[in-house]
Amino acid sequence: MKLADLLHFSAGGLRGHRLRSFLSLLGVAIGVASVVLLTSLGEGARLYVTGEFASLGSNLLIIIPGKTETKGLAPLVSTAPHDLTRQDAAALLQRVPAIRRVAPLAVGTASASAGERRREVTVVGATRDLLEIRHLQMASGRFLPRDASDAAVCVLGAKVQRELFPDQNPLGQLVRIGEWRFRVIGVIAPRGTSIGMDLDQVVEIPVATALRLFNRSGLFRILAEIGAQDDLRKTEQAALAVLRERHAGQEDVTIITQDAVLATFNQILGALTAALAGIAAISLGVAGLGIMNVMLVSVSERTREVGLLKAIGVTYGQVVAVFLVEAAILSTAGGSLGLVAGLGAGRFLQWLYPDFPVQPPPWAVAAALGVSCSVGLIFGILPARNAARLNPVQALMRRKA
Amino acid sequence: MIQLAGIQRTYTVGGRPVPALKELSLTIEAGDYVSIMGPSGSGKSTLMHLLGCLDRPTGGSYRFAGEETARMTEAGLSRLRRHQIGFVFQFFHLVPRLTAAGNVELPMVFAGILPAERRQRVWNALEKVGLTQRASHRPDQLSGGEQQRVAIARAVVMSPALLLADEPTGNLDSASGREIVNLIEGMNRQGLTLIVVTHDPRVGERARRRIHLRDGEVVADERAGSAIESPAAPGGQPSRA
């Protein structure tokens, strides 16, 4: 028997009960559409987060004081880490050629007040270079001074500005932070949460001032930006060597690359996408049962036809093939329909929320189509074998239906 | 062409064996015209299913064209039905979604014959039964007689050696029934072996050889004119317990 003839005959069988065929096809379509759409959303979330990271600059080293590691013996001599200092930051900039900018950071919380208004804020001690490294935009005024001065000036986050100085220009005004008074020299444009820190709720002051304000000797961390062409690994090693030398030969800092953070997020969101795909795949399984049900009904309705086929010399294998192909046509057509619907719904969401990338991962599209085809074949086996096993004599004796 | 020797077919009903055919022996020559008659329950349908290789006997030997069917695989029997045996049924058994031509074409589709040749043979077969005008009609647009003619065209399109007709006129008015009988008798005159199973004496009496069954045994086997008593069942025995 020719494949084209088989396809034609099986498709004819489906046309015999259009509504039923269409409904079971719809079941597969919904399953595939949900796989495509949910994985699109998961993948969209992943792209969105990695995009956020990229906007920070993926060529960033984050240097944190202290080292987490497990050693065999508790050290006899205390090896408390050295502080990370502004001098360390300056040395990195000077001695590692690939490092183009550094931003030493000191972070603490304090209450900020202006007139009668008062709120708790995160105070970030920083330098001018933070503006470039984190791609910040000024709403008004200017950012912190470039030199390492300990001037009593501050830059407000957008939300802090709104709450401390509603309806008035804060530039030149005084803000009390802790026990000290600072003059406002700038306001940062609203930006929203960016990886762990709501920059709208932050007050920035010069790093030297911050260290004195919180009475600390060590930095919270150092951000180091390296040239786009430079090798991240090599620079990391070079930076580590400089710091080890400055810290009496001890490796007591941890360097995190943006890459590593990104990889972690990628991993988490990739797992999320896979989980969503798994949930959607359940509906594909249910759709498979729908196909099986429809095929079983079809076989029992067409008992006489099967009896006739056997009488005219159609073999067991050919009867199996006829019904398997019917099931496969149903599920493949449903899969294609679902793919189109899922992609269409994705486009629609993209149109509604242009900022959020909705994009199905290619593997999900391929898997949804592949699985929907095999769903038909797998769930078609039982009905097809039932048909092929029919006793031709009894099948022919059936009067009707 | 057909040699039955000691054929038995026993069904199990409610755990008890019920014989439908008891030790039946029969030889049918190629080109003959045979009717198998008997009341319902006499085993004539069982015999037809065995002859058509739709069912296997529980005992005895059935040789078709010299070949022992008991030794054939299911696929072998399928091939035998495909190429050697045509069936005509009381209820026509046309596939309702296919046209007359589509129904006639069906055996060739599954036999892997190419479309161009199929079209030619469908046309020839429909011409034989006088239905070329109705080729593109579906069964529900055809009269009973026309449907049975489509079924006959389908049965002979693979040029079988044997045509098995099971109550071919049972579902037709007498005029259509006569047409059908004339049609298949004409095919028999051209060499096709014809076996008609019926309980209608007016149909059965037309055959050259008439076999009467009762309770699974041959009670009479007569050839146009002279009657031959069956040696196996003198007189007819009491029915099964």
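**View 1. A:Glu52 in helix α2 of chain A.** In this predicted model, A:Glu52 lies in helix α2, which covers residues 18-56 of chain A; helices (H or I, at least four residues) and strands (E, at least two) are DSSP runs numbered from the N terminus. The relative accessible area of A:Glu52 is 26%, so this residue counts as partly exposed, where buried means under 20% relative accessible area, exposed means over 50%, and partly exposed lies in between (1.4 Å probe, protein chains only). A:Ala11 is 41 residues away from A:Glu52 along the chain, and the C-alpha atoms of the two are separated by 50 Å. Residues are numbered from 1 along each chain as its sequence is written, chains are lettered from A and ligands numbered from 1 in the order in which they are written. Because the model is predicted, local features need pLDDT of at least 70 and side-chain atom pairs count only at pLDDT 80 or more, while totals for chains, interfaces and linings use all residues, and side-chain values use heavy atoms, with hydrogens and water left out.

**View 2. The aromatic pair of A:Tyr48 and A:Phe356.** Over all chains, the count comes to five aromatic pairs, a pair being rings of Phe, Tyr and Trp (its six-membered ring) whose centres lie within 6.5 Å, with planes under 30 degrees apart called stacked, over 60 edge-to-face and the rest tilted. One of these pairs joins A:Tyr48 and A:Phe356, which are tilted, with 5.8 Å from centre to centre and 40 degrees between the planes. The pair links distant parts of the chain, 308 residues apart, since A:Tyr48 belongs to helix α2 and A:Phe356 to the loop between α10 and α11 (362-388) of chain A. A:Tyr48 is partly exposed at a relative accessible area of 39%, and A:Phe356 is also partly exposed, at 24%.

**View 3. The interface of chain A and chain B.** Here 24 residues of chain A are in contact with 21 residues of chain B, contact meaning heavy atoms within 4.5 Å. The two chains bury about 2,200 Å² between them, 66% of it on carbon and sulfur atoms; buried area is the accessible area (1.4 Å probe) that two parts lose on being put together, summed over both. In chain A, the residues that lose the most area to chain B are A:Leu308, A:Ile312 and A:Val393, together 23% of what that side buries. Two salt bridges are found across the interface, each a side-chain nitrogen of Lys or Arg within 4 Å of a carboxyl oxygen of Asp or Glu, and A:Glu305 and B:Arg97 meet in a salt bridge at 2.9 Å, N to O.

**View 4. Helix α9 of chain A.** On the side of chain A that touches chain B, α1 (3-15), α9 (303-311), α10 (316-352) and α12 (392-397) are the elements that give two or more residues, and α9(A) gives the most, with six residues. Nine of the nine residues of α9(A) are buried, so this helix is largely enclosed by the rest of the structure. Among the buried residues of α9(A) are A:Glu305 and A:Leu308. After α9(A) comes A:Gly313, whose phi is positive, near 95 degrees.

**View 5. B:Arg149 in helix α5 of chain B.** B:Arg149 is found in helix α5, residues 144-156 of chain B, and is buried, with a relative accessible area of 17%. Leaving aside neighbours within four places in sequence, B:Arg149 is in contact with B:Val129, B:Gly130, B:Leu131, B:Glu179, B:Ile180 and B:Leu183.
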